[in-house]
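I opened this notebook to record what I looked up, site by site. The entries below follow the order in which I went through the model.

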Amino acid sequence: MHKILHNKLMREEKLILGIDTSCDDTSIGLIDDQGNILENKKFSLDCKKFGGIIPELAARMHLDYIDKIFLEIKEKYKEIYVICATIGPGLISSLIIGSTFAKTYAKITSSIFIPIHHLEGHIFASPVNKYPFLSLLISGGHSDLYLCESFGNYKLIAKSLDDSAGEVFDKVGRKYELDFPSGSHIERLAHNVTKKIEPMIPMKNKLQFSFSGLKTKTLRIDDSVENVAWFLQESIGETIKEKLQMAIELTAVNHVVVCGGVAANKSIRAKIQSIENIHCIFPPIELCTDNGVMIALAGLQHYKNETSFVNNFELEEFSRMQLDDYYSSFPGKK
Ligand code: KG4
Ligand code: ZN
């Protein structure tokens, strides 16, 4: 009780709330105007029994949990100054729940609303303070490499032509009936490798990613799940390292921000860190997978940079859009 009162009475800073409902997690985070994390709450739909995400169920879950999580946070803090929500890419029915909640709250309370591109959220989960940098986004939906020249100035230089790295972890996990998403389980199993199968680097000497051949090969290996897990993790790690080395040579930019769920993998982190002369930043492990804090952190950047996304209630939710196209689709943005 004392702590709650203390928070309510003493906090004078501007609080920024971030909501992410792009997929099957209802995530809300709260930061102060210095970027300090005050709250990071998440509710995840248990996809085990479905073997994947069912959009209709995800949307219903967001509807059930968003108020509950929000009220738990609101109980402890004073007014929310800025409220941000993911506007895309993601499942439209799920995105609508989070963004409509945020827009409505902002209108009712006269606070500021900022729509956020989910991938920009992943980037700013790390304490980014130096431009230019390369951003490697490795998640369930993306394996993208962006050159970030300044805030809001992003150029896609490589992407996956088919499956993303996270998708391959999840599809191989499904074969072995691991919990979904499977990346962290595969990482755990790979520790117990007994036979190291020679890793595969798809699209060697090309900047683009393509993981579907690796997926097919992994699914066909007849060996223990631990050995298969090690092979897959090692192959993805080596592939990422090779592409990143090429991108650094091509752009002469060696500051790299690695983000997205797969960035939580310690073996893949170590491989990236082993690149000569690289300066890399990783988000804290708990901010790698989807969360509301990263949406609030990206919102703080928009607020500080006074972009035209601030108080833009017009944007509509979208299921797919590259980050560079997002900026170029909205003229007069900065
Ligand atoms: O960023 P994220 O939470 O959601 C998307 O925006 O897609 O990423 C989820 C992906 C899943 O495919 C999951 O299997 C993978 O990140 N992942 C991992 C690990 N933790 C999560 N992959 C490898 N190793 C991990 N420790
Ligand atoms: Zn994500």
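This is a predicted model: local features need pLDDT of at least 70, side-chain atom pairs count only at pLDDT 80 or more; totals for chains, interfaces and linings use all residues.

**Entry 1: metal site.** I then asked which residues coordinate the zinc ion (ligand 2). They are H118 and H122, each through NE2, and D290 through OD, at 2.0 to 2.1 Å. Along the sequence I read the spacing of these donor residues as H-x3-H-x167-D. H118 and H122 sit four residues apart in helix α4 (residues 118–123), so about one helical turn separates them.

Next I checked the geometry. What angles do the four donor atoms around the zinc ion (ligand 2) subtend? I found 96 to 138 degrees, and the arrangement is therefore irregular. The cut-off matters here, because four donors count as tetrahedral if all angles lie between 85 and 135 degrees. For reference, I wrote down that the ideal angle for four tetrahedral donors is 109.5 degrees.

**Entry 2: cysteines.** I looked for disulfides and found zero in the structure. I took C288 as one case: it is in no disulfide, and the nearest cysteine sulfur, that of C259, is 8.4 Å away. The cut-off for a disulfide is a sulfur pair within 2.5 Å. I also looked up accessibility: C288 is buried, with a relative accessible area of 0%. For C23 the value is 22%, so I logged C23 as partly exposed.

**Entry 3: salt bridges, E72 and K41.** How many salt bridges does the structure hold? I recorded 13 salt bridges. One of the pairs I opened joins E72 with K41, where the closest N and O atoms are 3.4 Å apart. E72 is in helix α2 and K41 in strand β3, so the pair ties together parts that are 31 residues apart in sequence. I logged E72 as partly exposed, at a relative accessible area of 37%. K41 is also partly exposed, at 25%.

**Entry 4: salt bridges of K271.** I moved on to K271 and E234, whose side chains meet in a salt bridge at 2.9 Å, N to O. This pair links distant parts of the chain, with K271 in helix α9 (residues 266–273) and E234 in helix α8 (residues 225–251), 37 residues apart. Both K271 and E234 are buried.

K271 has a salt bridge with E238 as well, at 3.1 Å, N to O. Here too the pair links distant parts of the chain: E238 lies in helix α8 and K271 in helix α9, 33 residues apart. Buried or partly exposed, I asked of E238? At 23% relative accessibility, E238 counts as partly exposed. K271 has 14% and counts as buried, because the cut-off for buried is under 20%.

I then followed the shared partners. Salt bridges join E39, K41, K68, E72 and K76 into one network, and the E72 and K41 pair of the previous entry is a salt bridge between two of these residues.

**Entry 5: nonpolar surface.** Last, I looked up which residues make a nonpolar surface patch of about 220 Å². They are F50, I54 and L57. I placed F50 in the loop between β3 (37–44) and α2 (55–74). F50 has 34% relative accessibility and so counts as partly exposed.

Technical notes. Residues are numbered from 1 along each chain as its sequence is written. Chains are lettered from A and ligands numbered from 1 in the order in which they are written. Side-chain values use heavy atoms; hydrogens and water are left out. Buried means under 20% relative accessible area, exposed over 50%, partly exposed in between (1.4 Å probe, protein chains only). Donors are N, O and S atoms within 2.8 Å of the metal (3.2 Å for Na, K and Ca); water is not among the atoms, so sites may look incomplete. Four donors count as tetrahedral if all angles lie between 85 and 135 degrees; four count as square planar and six as octahedral if opposite donors are over 155 degrees apart and all others between 65 and 115; anything else is irregular. Helices (H or I, at least four residues) and strands (E, at least two) are DSSP runs, numbered from the N terminus. Patches are made of residues with over 30% relative accessible area and no salt bridge: like charges are joined within 9 Å, nonpolar side chains (Val, Leu, Ile, Met, Phe, Trp, Tyr) within 5 Å. Accessible areas come from the Shrake-Rupley method with a 1.4 Å probe; for residues, only the protein chains shown count as cover. A salt bridge is a side-chain nitrogen of Lys or Arg within 4 Å of a carboxyl oxygen of Asp or Glu.
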